[in-house]
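Reader: Please give me a close look at a single part of this model. Start with the terms, then go through the part and its surroundings.

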Amino acid sequence: MSDLNKLTLSAARDGLRAKEFTSADLTEACLTEIEGAGALNAFVHNTPEIAREQAKAADARLAAGDAPAMCGLPIGIKDLFATKGVPTQAASAILEGFKPEYESTITSKLFDAGAVMLGKLNMDEFAMGSSNETSTYGNAVNPWRRGNEETPLTPGGSSGGSSAAVSADLCLAATGTDTGGSIRQPAAFTGIVGIKPTYGRCSRWGVVAFASSLDQAGPMTKSVRDAAIMLEAMCGHDMKDSTSADLPVPNFEALLTGDIRGKKIGIPKEYRLDGTPDEIVKLWDDGAAMLKDAGAEIVDISLPHTKYALPTYYVIAPAEASSNLARYDGVRYGHRATLAAGEGINDMYEKTRAEGFGKEVQRRVMVGTYVLSAGFYDAYYNKARKVRTLIKKDFEDAFAAGVDAILTPATPSPAFGLGEVSDSDPIQMYLNDVFTVTVNLAGLPGISVPTGVSATGLPLGLQLIGKPWEEGDLLNIAHSLEGAAGFVSKPEKWW
Amino acid sequence: MSIDIDTARRVAKLARIRVEEDALPALASEFNAVLGFIEQLSEVDVEGVEPMTSVTPQRLKRRQDGVTDGNMQEKILKNAPDAREGFFAVPKVVE
């Protein structure tokens, strides 16, 4: 059977159980595809030996009839997850050569469920970016192109390697992480599904920290059903993460009934931004119409503090990053600068961090240092934390009024060209997350679903935002939207 | 609020990131762009609003205050740029 790499998780799972092929077959198909996809720069550390060993073990489990849903399915792992004995750099030069002596909780859970790791995936350095252009490994490239143009496009960020790899069928699915939109925006840019669960659903233990109060991991997949399957394997309480929720994990796939009759879907007026391209507005209106046709009730809602979400984020995230990234000092792991005669420990810290951190990471660490420094802590950091309370309250009010989920665009534009958004104007890049960042600030689950194509032939996605801990309901609504939109396009292979 | 070169130098120092003198003006101007963007927050009335400490209202789990892990000196030192005799080694700190 050919093209096994193109399968969804659910189709591959069913095929494995029906003994149509083995995990070894699936794994070889993906490894071959990865081999030929160097131009995408999605996989940055390949682990074929681990993959083959895990596939063999998975086939034995399948034969023995002891096989959880993820058993034998080859996936890619974002470089932000600590993987034992395998390079884990968060796409930063400062972690050059770092091989963790431990496994992150999420990868442990996936491996316990029988998943096969093909390798580590490219990303923005420390997950700071929206285009995968801040990576020490170089840019990941979107498998999609504008019509017949050859301009290389961004696969989005920060989980750009994950989105490129899944979209190009190099793997069946991938892990991502999302601090301000880093799963949902790249998913939208590459025509795949990405869900960020409720804050606390997935353990952060062993995931390189960026902004701890916002970071959540989640799956990036080819369908909503796949997202349900993989999310279930990733979720669950973990004593090693004090913010991990001790709640039962539902069988998300079983909740995909497709029945959304009577669901109330909110359309927030504040997301109708000036300058949003017509095709994005149309995509949004079409999505609302599809949900209405499926029996949902569409209601206009107001989230009045939306416009303050990005400025709030750009205080809180850098503040937490400046604290989290203080650990990269050249003492315990990673890069250490060479010192000249007479230089002391402060020179070591300063030179190590100047050499090891890229420009955007340095910028955010310093902005964070500034907003936390004496005299500015109240004016910036505390102010932002208060506005964050108001942003969360906006959502609580909407849900209290009976709204089940909120529909918005996932991104303000289709994927842009690499280098098209100038490095000298960071704000321009930050605006990519305008629709997604509120969800992290409020700790809510959000999912991006591909529902259309731009005039230039690129995928476009819509975002659904759910109530806390109601990923099951959210996935079901997303499943209905996915079915109605019928997005089936794939990028034409040029790599 | 405008950031001058002295402030940029001080912030770089606090963050322990070496920034050469000739790079400071550009850094100050980038800070100003970001802070100008953040400045919008001053419009928001936050009178009586509590600053958020935890996005999900849950009480942190308690556990017995006991040793649950340890004895892995070798693993902990494994990735150190310079480890000697069971310790992390750094340049001389005390004169």
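Author: Helices (H or I, at least four residues) and strands (E, at least two) are runs assigned by DSSP, and both are numbered from the N terminus. Residues count from 1 along each chain as its sequence is written, while chains are lettered from A and ligands numbered from 1 in the order in which they are written. This is a predicted model, in which local features need pLDDT of at least 70 and side-chain atom pairs count only at pLDDT 80 or more, while totals for chains, interfaces and linings use all residues.

The part to look at is the sheet of chain A. Eleven strands build this open sheet, in the order β1-β3-β2-β4-β6-β5-β10-β11-β9-β7-β8 (chain A), with mixed pairing. Two strands pair if DSSP finds at least two bridges between them. The edges belong to β1 (43-46) and β8 (297-301) of chain A; each has a single partner strand, so one side of each lacks a neighbour in the sheet. On average, neighbouring strands are turned by 30° against each other, direction ignored. Axes are lines fitted to C-alpha atoms, for helices over the stretch in contact, and angles run from 0 to 180 degrees between N-to-C directions.

Take β2 (residues 74-78) of chain A. Five of its five residues are buried. Buried means that 20 or more other C-beta atoms, placed from the backbone, lie within 10 Å of a residue's own; 12 or fewer make it exposed, and values in between partly exposed. Pro74(A), Gly76(A) and Lys78(A) cover one side of β2(A), and Ile75(A) and Ile77(A) the other; all are buried. β2(A) pairs with β3 (residues 116-121) of chain A in the parallel sense, over five bridges. There, Gly76(A) has Gly119(A) as its bridge partner.

Now β9 (residues 405-409) of chain A. This strand pairs with β11 (residues 459-466) of chain A in the antiparallel sense, again over five bridges. Opposite Pro409(A) stands Leu462(A) of β11(A).

Helix α7 (residues 224-234) of chain A packs on the sheet. α7(A) touches β4 (173-178), β5 (193-196), β6 (216-221) and β10 (446-453) of chain A, and its direction makes about 145° with that of β6(A). Contact means C-beta atoms, placed from the backbone, within 7 Å.

α7(A) also meets another helix. Its axis and that of α15 (residues 471-485) of chain A come within 9 Å and cross at roughly 160°. That makes α7(A) roughly antiparallel to α15(A). Angles over 145 degrees get that name; under 35 is roughly parallel, 65 to 115 roughly perpendicular, and the rest oblique. Residues of α7(A) in this contact include Val224(A), Ala228(A) and Leu231(A); among those of α15(A) are Leu475(A), Ala478(A) and His479(A).

Just after α1(A), Lys19(A) takes a positive phi of about 60°.

Notes. Two residues are in contact if their C-beta atoms, placed from the backbone, lie within 7 Å.
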